[in-house]
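Please read this briefing alongside the sequence and the model, which are shown just below.

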Amino acid sequence: MSASTRRDLLRAGAAAAVAAPAAAYAAGPAQAASPAPGASPAQAADAEAAAFGPVTVRPDDPRYDSLRLRGYNHRHASRPSRIRLVGTTADVVRAVDDAVRAGRRVAVRSGGHCFEDFVDHPDTDVVIDMSGMRDVGYDPRRRAFVVEAGATLAEAYRRLFLGWGVTVPGGTCTGVGAGGHVAGGGYGALCRLYGLTVDHLYAVEVVVVDRSGRARSVVATREASDPRRDLWWAHTGGGGGSFGVVTRYWFRSPTGAGAGPGGTAADADPGDLLPRPPAAVLTYSLDWRWADLDEDAFVTLLRNYGRWGERNSAPGSPAAPLYGEFAMSASTSGTIGISGQIAAGDTAARRLLDDLQAALTGGRGVPRPERRAETLPWLHATLRTSGADAVPFTSRMKIKSGYRRRGFSAAQLGALYRGLTDPGYDNPFSTVFINTYGGQVNSVSPGATAMPHRDSVFLVGFLTGWMDEKEDERQLRWTRELYDKVWADSGGVPAGADDSGTFINYPDNDLADPALNTSGTPWHTLYFGEDGYARLQRAKERWDPRNVFHHALSVRSLT
């Protein structure tokens, strides 16, 4: 599977999102549907009338299946008694209040790209669908850019760039919704230059439920003086579905990083408050045919990639503009290779690509790759793959992940080769990908955000897709066995000296199942680290004391 095919699987479900009108942020921080403080009852009524929704959809409604099946991993399913389409934060408060009073289990859907059953679970009775809340704009009161949780990354990138010439360093699968993407940390093609999405998160609005069962909305910021700062921190990598319903995010780079020449946000032009992407990037791919690679050549090629990452992933590295996804399918009829983009001037970008190619092909037995490279405007390159669904409606999936501080060992690469070339298993929709990481990501201390993985050079994923329910056992077994063999020396999970745990936005319920995770390393340590998880538990105790929001990998309360 090529890296573009991997992104197609990750983007699946984007076109099924419910369209909603985009309201402008012309005069203030509030969404267009929310009246300004002190507004008259008539003004408030007009604002409510202009809003999208709210809409309640039940099983007898012709819209029901379009909304129920919007989650793109159809290995999981639910039949909620109602789906609440919301257009404002007030709508969310009412929807949560209604569910809590009725004792109904509530789940929240933003872009619909969750890999596990956090939303589509048999016990889910109410789904709050955020796809009607997708505004993107500038909030002059908070001096920050606001993105509603139902907005896709494509919408955020387009509006931020065309309106102010800025962006946030988010993911390459642009159909993903902001709601879950940001809460899990957010990484992508610009992260080696500008850090993670959450490194630029200034504030978050969340609908929470207090101990009495009353729902309310709160805004938490990163300001040291904010008494709600722990709730902001919990949404900088703690994952979605643990604390409440995120309705809006505000973004502004920290002081001295995008705050303008004066160094303070108060004095800055809006265009200086977030990173400015380059005018153009070099998109590229380097591909090798499986038929041209024996095990020695494969191990050499991937060992070279690991060494390149180790040399070129420090903060401030000259190679930080280069982002790549090395994808290897389990079908030997195709190719393996790296593709991505280089955010540098054309001459410098082509030099970095030349250096990467030379590094990868060094050593015996590695043939010259098929190379493609094209310089494109940044926005065009970023949105070129943001179209309709790329996989069939019946897609079923499984993902596993791991962070690496170094490249894989020869023994691990041998296990990968044997698993991917197993003649008894030939699925073109099963792949292992090794994405570049590090750079500016690693300039942030592990405790500054809830995303603790700040010393890695690669993020690795094991992604399998299939169509037929009868294939579930076979496809899951292959994925689990390969993952277990690659990390055999650390109990079958990425917990060795060269590992840094796992990525919560590639959730894997296996890690919380004692029958499947026998390593002795708790799932929450892999995702959040020991200290980080304790902080998340304290936030859970404070902001969701009734455990209204929960799933297989949600943060557990201290009590």
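Asp472 has its place in helix α13, where helices (H or I, at least four residues) and strands (E, at least two) are DSSP runs numbered from the N terminus. With a relative accessibility of 10% for Arg134 and 16% for Asp472, both residues count as buried, a class that means under 20% relative accessible area, with exposed meaning over 50% and partly exposed in between (1.4 Å probe, protein chains only). This is a predicted model, in which local features need pLDDT of at least 70 and side-chain atom pairs count only at pLDDT 80 or more, while totals for chains, interfaces and linings use all residues. Residues are numbered from 1 along each chain as its sequence is written, and side-chain values use heavy atoms, with hydrogens and water left out.

- Not counting residues up to four places away in sequence, Asp472 touches Arg75, Arg396 and Trp466, contact being defined as heavy atoms within 4.5 Å.
- Arg134 is found in the loop between β4 (126-129) and β5 (136-139), and its side chain is joined to that of Glu155 by a polar contact of 2.8 Å.

**Helix α5**

- Helix α5 (residues 153-164) has 12 residues, which at 1.5 Å a residue should span 16 Å, and its end C-alpha atoms are 16 Å apart, in agreement; the expected span is 1.5 Å times one less than the number of residues.
- Glu155, the partner of Arg134, is one of the buried residues of α5, which also include Leu153, Ala154, Ala156, Tyr157 and Leu160.
- The cover over the buried residues of α5 includes β5, β6 (144-148), α6 (178-183) and α11 (378-383).
- Just after α5, Gly165 takes a positive phi of about 75°.

**Helix α9**

- At the start of α9, a side-chain oxygen of Asp294 reaches to within 3.3 Å of the backbone nitrogen of Asp296.
- Buried residues in α9 include Phe298, Leu301, Leu302, Tyr305 and Trp308, together with Asn304.

**Salt bridges**

- The count comes to 37 salt bridges, each being a side-chain nitrogen of Lys or Arg within 4 Å of a carboxyl oxygen of Asp or Glu.
- Arg371 forms a salt bridge with Asp354, the closest N and O atoms being 2.8 Å apart; Arg371 lies in strand β13 (residues 370-377) and Asp354 in helix α10 (residues 346-361), so the pair ties together parts that are 17 residues apart in sequence.
- Arg371 is partly exposed at 32% relative accessibility, and Asp354 is partly exposed at 40%.
- Lys398 forms a salt bridge with Asp510, with 3.5 Å between the closest N and O atoms; Lys398 lies in strand β14 (residues 396-404) and Asp510 in the loop between α13 (472-486) and α14 (523-528), so this pair ties together parts 112 residues apart in sequence.
- Lys398 is buried, with a relative accessible area of 2%, and Asp510 also counts as buried, at 6%.
- Lys398 and Asp510 belong to a network of salt bridges that links them with Arg75, Glu116, Lys400, Arg480 and Asp508.

**Nonpolar cores and the whole protein**

- The largest nonpolar core has 95 residues, and those with the most contacts inside it are Val96 and Tyr187; such a core is a set of buried Ala, Val, Leu, Ile, Met, Phe, Trp, Tyr and Cys residues joined through side-chain atoms within 4.5 Å.
- A second, separate core of 45 residues includes Trp288, Leu413, Leu416 and Val457.
- The secondary structure of the protein comes to 15 helices and 16 strands, and 61% of its 559 residues count as buried.
- Among contacts with a separation of 6 or more, 74% are between residues 24 or more positions apart.

Conventions
A polar contact is a pair of N or O atoms within 3.5 Å; within protein, one must be able to donate a hydrogen and the other to accept it, and residues adjacent in sequence count only if both atoms are side-chain atoms.
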